Amino acid sequence: MGNALTCCGKPEASPHVGRRSGPAEPGYESEVYAAAAGDAVAVAPSPAALEPAERDVGTGEGHHLQHISDREMPDELALESNPSDHPRASTIFLNKSQTDVREKKKNNYVNHVSPGHLTKKYSSCSTIFLDDSTVSQPNLRTTVQCVTLAIYYHIKNRDANRSLDIFDERSHPLTRETVPEEYFRHDPEHKFIYRFVRTLFSAAQLTAECAIVTLVYLERLLTYAEIDICPTNWKRIVLGAVLLASKVWDDQAVWNVDYCQILKDITVEDMNEMERHFLELLQFNINVPASVYAKYYFDLRSLADDNDLPFVFAPLSRERAQNLEAISRLCEDKDLCRAALRRSLSADNFIGVQRSKAILS
């Protein structure tokens, strides 16, 4: 699970490479299944190649060898490889979108176009414009649009077509109707991804926070399992991430059989198997720190701003200010209650607080 490199053994290939199966599309077999041709071997420099000062320091042989702690991967590289675990790492979807954003800005500059500047409203000394989306209570429609846009850039600017059989829609179709092979050769449009995710969230009555956690799990899966989201697997990967996020985030989670009622042709056994593989590939790491959640929220807002997604801005009135203050106080009260509960757990035997045991039947 760690990222440390040692000199004691030969590095092995990813444990998940051998599990990739299913029909491969032409042109990328070597990228999916080919292992490394060789491993770099560190050779200690000969004494003649060392400076006199280095030869004179110490009398024991091998004094010049690098310490094992110096061979460990720096924290910066570990952060870059795990953006869904560390708040300081840049999100993958925002990095993948920058190529299109730069191209869009370049075209606007050449054509002397300033998109959004005539329609956007800016705050001034007398008026403050705000939308109704906050970190604690994001706007559902806008958040789902941003999340699906992030998935769109993941598919469009993917590095390869690495996949696993459990997520391949050709091996595990979501519909009984025959899907033409041409469907899997083209990247889906953003509106098509949005329609699929919106249907799941509307039918299961999921929240906007669940959409953000879904994106965190999706990027964590791509990082841990070393796969790519592509036209053949994006639906099942998104479905697995939504299924897991709804169970972890919402108090009243949606059962697997409920998704079978939304997607009529999928079986409960298939949903259970996909959920089990998803958890194994995540190494059962379903924790989402508050700092990581906030990072994804603000990066999604940056993505929306770069792509001119509409936000409903309105002047800040006295009533709206009071509502925002009430929401903030409610979140603070919830945090204080959780903190007080954690502090009192260790003192239950002394203060005589008894809690009834929950009986599950």
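The following exercises, each with a worked solution, concern a predicted model of a protein.

Residues are numbered from 1 along each chain as its sequence is written. In this predicted model, local features need pLDDT of at least 70, side-chain atom pairs count only at pLDDT 80 or more, and totals for chains, interfaces and linings use all residues, while side-chain values use heavy atoms, with hydrogens and water left out.

**Exercise 1. Confidence**

Task: State the mean pLDDT of the protein, and determine which helices have the lowest and the highest mean pLDDT.

Solution: 
- Step 1. Recall that pLDDT is the predictor's confidence in each residue, from 0 to 100. The mean for the protein is 74, and 60% of the residues reach 70 or more.
- Step 2. Compare the elements; helices (H or I, at least four residues) and strands (E, at least two) are DSSP runs, numbered from the N terminus.
- Step 3. Locate the stretches of low confidence. Over residues 1-63 pLDDT stays under 50, and the model has 62 contacts (heavy atoms within 4.5 Å) beyond four places in sequence for them. Residues 68-77 also stay under 50, with 10 such contacts.
- Step 4. Draw the consequence: where pLDDT is low, the predicted coordinates should not be read in detail.

**Exercise 2. The surroundings of aspartate 85**

Task: Decide whether aspartate 85 is buried or exposed, and identify the side chain with which its own side chain makes a polar contact.

Solution: 
- Step 1. Apply the cut-offs: buried means under 20% relative accessible area, exposed over 50%, partly exposed in between (1.4 Å probe, protein chains only). Aspartate 85 has a relative accessible area of 19% and is therefore buried.
- Step 2. List the contacts. Beyond its neighbours within four places in sequence, aspartate 85 touches Arg220, Tyr224, Asn285, Pro289 and Val292.
- Step 3. Select the polar contact, a pair of N or O atoms within 3.5 Å; within protein, one must be able to donate a hydrogen and the other to accept it, and residues adjacent in sequence count only if both atoms are side-chain atoms. The partner is the side chain of tyrosine 224, at 2.4 Å.

**Exercise 3. Salt bridges**

Task: Give the number of salt bridges in the structure, and describe the pairs formed by aspartate 159 and aspartate 187.

Solution: 
- Step 1. A salt bridge is a side-chain nitrogen of Lys or Arg within 4 Å of a carboxyl oxygen of Asp or Glu, and the structure holds 13.
- Step 2. Examine aspartate 159, which pairs with lysine 96; the closest N and O atoms are 3.8 Å apart. This pair links distant parts of the chain, 63 residues apart: aspartate 159 lies in the loop between helix H5 (140-156) and helix H6 (190-204), lysine 96 in helix H4. Aspartate 159 is exposed at 64%, whereas lysine 96 is buried at 16%.
- Step 3. Examine aspartate 187, whose side chain meets that of arginine 158 at 3.0 Å, N to O. Both lie in the loop between H5 and H6, so the pair ties together parts 29 residues apart in sequence. Aspartate 187 is partly exposed at 33%, and arginine 158 is partly exposed at 22%.

**Exercise 4. Cysteines**

Task: State how many disulfides a search of the whole structure finds.

Solution: 
- Step 1. Apply the criterion, a pair of cysteine sulfur atoms within 2.5 Å. The search finds zero disulfides.
- Step 2. Consider the accessibility of two cysteines. Cysteine 210 is buried at 0%, and cysteine 260 is buried at 12%.
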